[in-house]
Amino acid sequence: MGRLLAMSLAKRGAHIDLFDKGGREGQYAAARVAAAMLAPLAESAITEDSVVRMGQYSLPRWKALIKDLSKPVYFQQDGTLILWHRQDASDAERFSAHLLNNCQRNTSLTKPQKVTGDQLHDIEPGVADRFNQALYLPNEGQLDNRQLLDALICELELLNVHCHWDAQINPENLRSQPYTAVIDCRGTGAMDNWNPLLTQNTLRGVRGEVVRLYAPEVKLRRPTRLIHPRYPIYIAPKENDVYVVGATEIESDDLSEMSVRSAMELLSAVYTVHSGFAEARILEMATQCRPTLKNNLPEIRMLQEKGLSDLILINGLYRHGFMIAPAVLDCALQLLDQGESAIALELGLNITKDMSRHEVACA
Ligand SMILES: Cc1cc2nc3c(=O)[nH]c(=O)nc-3n(C[C@H](O)[C@H](O)[C@H](O)COP(=O)(O)OP(=O)(O)OC[C@H]3O[C@@H](n4cnc5c(N)ncnc54)[C@H](O)[C@@H]3O)c2cc1C
């Protein structure tokens with residue numbers, strides 16, 4: 001979020017300093033570990049309508065943003081495939097009914113399509129020998145998060161943005177310097193500052209573990225999700241036969257390495273989708289925490305105080321940071337320009353303003 005905002009503001013002529021606790025590869029960012037699926041309909045099963053709308057808004061915006069970058073970033077919009085094993089058919093029915101219901105409420109969503117075994121041969125031949133039905137969600141997308149993080153930094157360098165790497169900062173301390181605004185996009189790194197300010201909607205980490213595999217024997221064309229009562233997984237194919245398989249979702253901000261249990265669950269579930277994963281090579285097992293507010297929704301906070309730079313806090317992107325980032329970006333830009341955001345109102349992104357120190361102290 002920080003890199004995207006820095007680039008957009010620099011393009012408009014602002015002088016920007018970017019501070020990151022880590023390096024250009026983003027080793028402390030949830031964004032580095034994510035699968036970066038852009039799947040508003042699939043996610044509508046577990047999130048609020050506002051986040052789904054932000055996801056829909058963001059898909060065409062990603063296309064435009066990526067087109068303008070100097071370095072290529074893999075972006076695909078060939079839909080999501082949902083699979084299940086025969087014994088889990090009732091769970092799949094429930095999931096499908098849930099999505100259809102959401103499509104009725106939000107008519108701009110494209111309805112999921114039932115896929116027969118024959119159709120599966122055409123859409124995703126790699127799994128057609130193991131599954132004889134599926135659900136296809138058209139229009140959904142994904143991008144390569146690591147390519148994007150790198151391309152954004154290259155863009156920042158071209159725009160002469162001053163990037164301070166390995167710079168762990170407290171944004172409060174920058175407010176007395178002559179910046180117009182200080183924007184805090186530190187994800188879970190903002191916990192110490194966010195939580196004393198906001199007693200209600202506290203920030204937490206939700207642990208997620210993913211495996212990166214090199215699997216040249218597997219040819220999946222699009223992100224594929226497996227409905228399973230205990231091991232629901234997704235497989236996001238990246239370029240050059242790399243697959244991101246994830247993800248656990250554990251209420252904890254533990255950043256330690258992947259557990260044996262998670263590794264066994266992810267790897268055995270992925271093998272049930274395609275036997276070619278048996279000979280895959282494990283490139284990486286990674287853990288990060290999704291920055292999540294108590295209500296599981298994203299939020300922008302704006303603090304204005306006399307004699308200090310404005311402080312804008314953007315957080316709570318949870319498991320949807322890539323899916324909704326362009327929407328959050330456009331809302332933040334409008335807020336900076338006009339002090340309010342019509343886009344945020346339309347999409348339902350929470351914006352809170354002017355929380356005075358007095359209120360904070362009393363809260
Ligand atoms: C396993 C997993 C899978 C995911 N899959 C998806 C997906 O498929 N689709 C999707 O849309 N989203 C997904 N997400 C969610 C997405 O990654 C996050 O929502 C998103 O990265 C949040 O962006 P952010 O910029 O707020 O935080 P981050 O990406 O965490 O970035 C925060 C940045 O702040 C820096 N920072 C922290 N503290 C400090 C400090 N004190 N000083 C300076 N810098 C600091 C960090 O170094 C980092 O660069 C996934 C996340 C995980 C963990």
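Which residues does Asp184 touch, not counting residues up to four places away in sequence? Select Asp184 and take a look: Pro171, Ala190, Leu311, Ile312, Leu313 and Ile314 are the ones in contact (contact means heavy atoms within 4.5 Å).

Before you go on, know that this is a predicted model, where local features need pLDDT of at least 70, side-chain atom pairs count only at pLDDT 80 or more, and totals for chains, interfaces and linings use all residues. Residues are numbered from 1 along each chain as its sequence is written, and side-chain values use heavy atoms, with hydrogens and water left out.

Stay on Asp184, which sits in strand E9, residues 181-184 (strands are DSSP runs of E, at least two residues, and helices are runs of H or I, at least four, numbered from the N terminus). Asp184 counts as buried because its relative accessibility is 2% (buried means under 20% relative accessible area, with a 1.4 Å probe and protein chains only).

Next stop, the ligand. Select Asp20, and you'll find a polar side-chain atom 2.6 Å from a ligand oxygen. Click on Ala31 to see a polar backbone atom 3.0 Å from an oxygen of the ligand. At Ala35, a polar backbone atom lies 3.3 Å from a ligand nitrogen.

Terms used:
Polar contact = N/O pair within 3.5 Å; in protein donor to acceptor, adjacent residues only side chain to side chain. Buried < 20%, exposed > 50% of the residue type's maximum accessible area, 1.4 Å probe, protein only.
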